[in-house]
There are 2 protein chains.
Amino acid sequence: MSTAVENFIKAIYKNDKHDGNDTKPGNIAKKLGISNAAATDMAKKLASKDLLNYEKYQELRLTEKGSKMALNIVRKHRLWESLLFKLFDMSLHEIHREAELLEHQTSDFLANKISAYLGNPKFDPHGDPIPNEHGEITTVDNSIQLSQTQAGKSYIISRLMSDDKEFFDFCALHGLKFGNRIMVTNQFQNNKMTQISINYNTILLNEDFTNIIYVNEIN
Amino acid sequence: MSTAVENFIKAIYKNDKHDGNDTKPGNIAKKLGISNAAATDMAKKLASKDLLNYEKYQELRLTEKGSKMALNIVRKHRLWESLLFKLFDMSLHEIHREAELLEHQTSDFLANKISAYLGNPKFDPHGDPIPNEHGEITTVDNSIQLSQTQAGKSYIISRLMSDDKEFFDFCALHGLKFGNRIMVTNQFQNNKMTQISINYNTILLNEDFTNIIYVNEIN
DNA sequence: ATTTTATTTTAAGCTTACTTAAAAATATTT
DNA sequence: AAATATTTTTAAGTAAGCTTAAAATAAAAT
Ligand SMILES: [Mn+2]
Ligand SMILES: [Mn+2]
Ligand SMILES: [Mn+2]
Ligand SMILES: [Mn+2]
């Protein structure tokens, strides 16, 4: 399948899995930076290939075959991120940018080589789970959004769900990374702000950030 | 530039540099597996972009700009081959196959990271020189074809210039690889065959092989 | 419930990268 | 030198993946 098709399928998968908005052509188009008309066209074409179900004006739904393809691409994306992050001195934003291209030019054979070399990791450097070669995610995710945490409790950062450079730069600057410990010192419900303590520093985060930072409570 | 354009430019570069046949659309078409008509079309298009000079019925010649582009792609190709060969247990044929795709989705930034990680190597696993980030090949190649060697002398294999799986499998089986030592025991000029000795084994190679295996004399 | 706004779809058109078939030019053989 | 074969070019056409503009439908606001 072409890069265009793969990115389209992946965008549907991710929108369905994580984003609040409904999986209609317009929202996918927005993510991919193409016109609504192009997205509708593509949806019809992929329906004819049994990768998704399309009914006029309804949400797009991946078929079993479409989901498998999405997970295969996600696997390659996250394996590349893991490899680049391990070998080279690259930021989370940079590895994502390169992986976005490399994912489409990677044989299953090479993906398995990368995976084996890394010791078949279950998570990428963002904390996102890496599907296995059968397209299965075997890990269970119990993490919650930072916005849902309680003041006074401590947490481990488990996931930075973004691909925005500014966000990653901010995180890197303040030590907000996968595996690091933080303490929630205040939840300002009305203002949708969360105050945390990390490395003896106090930072105040708005909901744009607290909704994409995931954590696990320390017991 | 697109993958099609990059492969076209690279094919011209390689044909010019190594292959005996003249650099006309038909020969490039043959290499790329496209029709002569498609090659002529592409040649005209690239001429309009100042990547090559095109005159009806004449040979295609890369401009300075076109050569730079070719060397940039060759660099990425050979860096990928070097990385994959080092990290994973992959054959010369396999690394070439993957590099053929990855080369088109690699930023200069990433290429430099790969190069630095490998210690800025000057040769890839086939013995081909790796251009630097300015598109320059600084090494001098004094190697000769195995077909041009003399009986009774010893040589080091410096280059396996091919991308054919059968050839590589044969080489791997008999220890014919970059850096290994061989002795030429007989040159059968009339029959265009060369007999060599390697690892206490004697093998007889025809010109298909002796023309793409390059060696350096041991003094 | 009606009007207004937003989204989705259709329609027409563009570029890239190919194809096959026929015409033109070049290269080879006799 | 002429005939033949090969190669290159032109011409016409296709599929993928886009675009913009207009029409149809759905969602939101009044
Ligand atoms: Mn990513
Ligand atoms: Mn991508
Ligand atoms: Mn190669
Ligand atoms: Mn290639």
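Modeller: A quick definition before we start: two strands count as paired if DSSP finds at least two bridges between them. Also, keep in mind that this is a predicted model.
Biologist: Okay! How many bridges join β4 to β5 in chain B?
Modeller: Three bridges join them, so β4 and β5 of chain B meet the cut-off of at least two. Strand β4 covers residues 154–160 and β5 covers residues 181–188, and the two run antiparallel.
Biologist: And which residue of β5(B) is the bridge partner of Ile156(B)?
Modeller: That's Arg181(B).
Biologist: Where do those strands sit in the sheet?
Modeller: They belong to an open sheet of six strands in chain B, in the order β3-β8-β4-β5-β6-β7, with antiparallel pairing. At the edges are β3 (144–145) and β7 (201–206) of chain B, each pairing on one side only.
Biologist: Switching topic: which protein donors does the manganese ion (ligand 4) have?
Modeller: Asn7(B) gives OD1, Glu100(B) gives both O and OE, Glu103(B) gives OE and His104(B) gives NE2. These donors lie 2.0 to 2.4 Å from the manganese ion. Along the sequence, the donor residues follow the spacing N-x92-E-x2-E-H.
Biologist: Is Glu103(B) buried or exposed?
Modeller: Glu103(B) is buried, because its relative accessible area is 2%, under the 20% cut-off. Glu100(B) is at 23%, so it counts as partly exposed.

Methods:
Residues numbered from 1 in each chain as written. Chains lettered and ligands numbered in written order. Predicted model: local features only at pLDDT ≥ 70, side-chain atom pairs only at ≥ 80, totals over all residues. Heavy atoms only, no water. Helix = DSSP H or I, 4+ residues; strand = E, 2+ residues; numbered from the N terminus. Donors = N, O, S within 2.8 Å, 3.2 Å for Na, K, Ca; no water. Buried < 20%, exposed > 50% of the residue type's maximum accessible area, 1.4 Å probe, protein only.
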